[in-house]
Every structure is written in structure tokens, then in C-alpha cells.
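Please keep the structure open beside the text.

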Amino acid sequence: MNTVFEKFYDNYHNDLYQFIFYMVKDKETCEDLVQEVYIKVLKSYDSFKGDSSEKTWLFSIARHVTIDYFRSMKRKRKRISEFFDWNEKGQLIQDQNPLPDEIAEQNEEIKNVYRYLDKCTPDQKSVLILRYIQSFSIQETADILNFSVSKVKTTQHRGLKVLRNYISEDQKKGGDTT
């Protein structure tokens, strides 16, 4: 078991960490989710059939762990919003943590693109992160997301179009995005 973990950690840890971080944009949450991915990998490695590469299998698990995290956060937010009557109180709780884009990158162009990624659909965001940040091939991306190759291409095209539109809008407003 220890050698399995070392192999995955040595070969894929940086890519795995970056993928999850770009999805959740919080260092502590990212670290927790990465740990959860490794636990799932170690528990299910014996059942890995080899239908895809280990890297593709690992990122597929990472995607599912991240989706599960977002689903649980959605349920928590719903319970909290039902508990509080925000309209009556008129007060919002301010988050004291710095924004993820303030932490992640100091470069203004990257921060803008990163912000625009949040405006994409979850599928577009996943495809763009896997293709352009993680440098996966179209086939690997399709395998990880359980999409057809044509769906990856279409989703990538639409996601890039969304990013271009936001950049264009910023430039028209006088922003300095390139």
C-alpha cells in the first residue's frame, strides 16, 4: 500500500493539487480533498482494471470528490439560509479570509481569467482546467469527465468563447485585460 501511495504522490501530486485548487480556490479545502482522493485511491486500487491510465483514473476520482464537496456545500448553505431570516436581520456575515484569487495569483491577467472561469458552467470549467492548466489531451479529458471526445471539444469551444466574451467586455469597459 505504501508503495502505491508513493508512486501516485511522486508522479501526480502537483497536478492533482492544482486541479482541485483551481476548482475550490481554497488551500485548506484543497488539502482536505486531496487527502480524501488519496484515501479513495488506496482503498480501491485493487479494483483498478487498467481500462484507462492511472492518471486518468486518479483525476476521475478527484473530479467526483470535488463534485461531492460542492454538493455538500450547497446543502449546508441551504440549511443555513433556512435557519436565518436574512431579510429581517439586514446583516450579512463577512468572510474574513482573503479571496482565493488574491492568494492564488498576483498577476492581473491570470486573476481575470481565473475569475472568468468561475462564470463558466462546471463542465466548461472542468474541461478548461484539465486541457489548459493541467495539459491533458482531449482523450484524457474525455476519459476523466466521462464525456465523448466531441463533447469535450464542444464544451472547450464554448468555454473559450465565454472567456473571450468576458475579456472583450472588460476591454470595452476600459479594463486592462489582454
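## An all-helix report

The protein chain of this predicted model has 9 helices and 0 strands, where helices (H or I, at least four residues) and strands (E, at least two) are DSSP runs numbered from the N terminus. Read from the N terminus on, its elements run α-α-α-α-α-α-α-α-α. Residues are numbered from 1 along each chain as its sequence is written. As the model is predicted, local features need pLDDT of at least 70 and side-chain atom pairs count only at pLDDT 80 or more, while totals for chains, interfaces and linings use all residues; side-chain values use heavy atoms, with hydrogens and water left out.

Of the 178 residues of the chain, 35% count as buried; buried means under 20% relative accessible area, exposed over 50%, and partly exposed in between (1.4 Å probe, protein chains only). The chain exposes about 11700 Å², of which carbon and sulfur atoms supply 48%; these areas come from the Shrake-Rupley method with a 1.4 Å probe, and for residues only the protein chains shown count as cover. Among contacts (heavy atoms within 4.5 Å) with a separation of 6 or more, 62% are between residues 24 or more positions apart.

## The core

Let us turn to the inside. The largest nonpolar core holds 39 residues; such a core is a set of buried Ala, Val, Leu, Ile, Met, Phe, Trp, Tyr and Cys residues joined through side-chain atoms within 4.5 Å. Phe-8, Leu-16, Phe-19, Ile-20, Val-37, Leu-58 and Phe-59 touch the most other members. Two or more residues each come from α1 (2-24), α2 (27-44), α3 (54-83), α6 (108-117), α7 (122-133), α8 (138-145) and α9 (149-172). The largest share, 10 residues, is given by α1.

Not counting residues up to four places away in sequence, Phe-8 touches His-13, Tyr-38, Val-41, Tyr-45, Glu-54, Trp-57 and Leu-58. Phe-5 is also found in helix α1, and with a relative accessible area of 30% it is partly exposed. Beyond its neighbours within four places, Phe-5 is in contact with Tyr-38 and Leu-42.

| Pair | Apart in sequence | C-alpha to C-alpha |
|---|---|---|
| Phe-5 and Val-41 | 36 residues | 8.4 Å |
| Asp-170 and Asn-112 | 58 residues | 9.4 Å |

Asp-170 sits in helix α9 and counts as buried because its relative accessibility is 17%.

Which residues line the second largest pocket? They are Met-23, Lys-25, Arg-63, Ile-67, Phe-70, Asp-118, Cys-120, Thr-121, Pro-122, Asp-123, Lys-125 and Ser-126. A pocket here, on a 1 Å grid over the protein atoms alone, is an open set of points where a 1.4 Å probe fits, with protein on both sides within 12 Å along at least five of seven lines; lining residues have an atom within 4 Å of a point. α3 and α7 each supply at least two lining residues, and the largest share, 4 residues, comes from α7.

Lys-25, one of the lining residues, lies in the loop between α1 and α2. Its phi is near 55°, a positive value in a residue other than glycine, and at 16% relative accessibility Lys-25 counts as buried. Ser-135, in the loop between α7 and α8, has a phi near 60°, also positive in a residue other than glycine. Ser-135 counts as exposed, because its relative accessibility is 58%.
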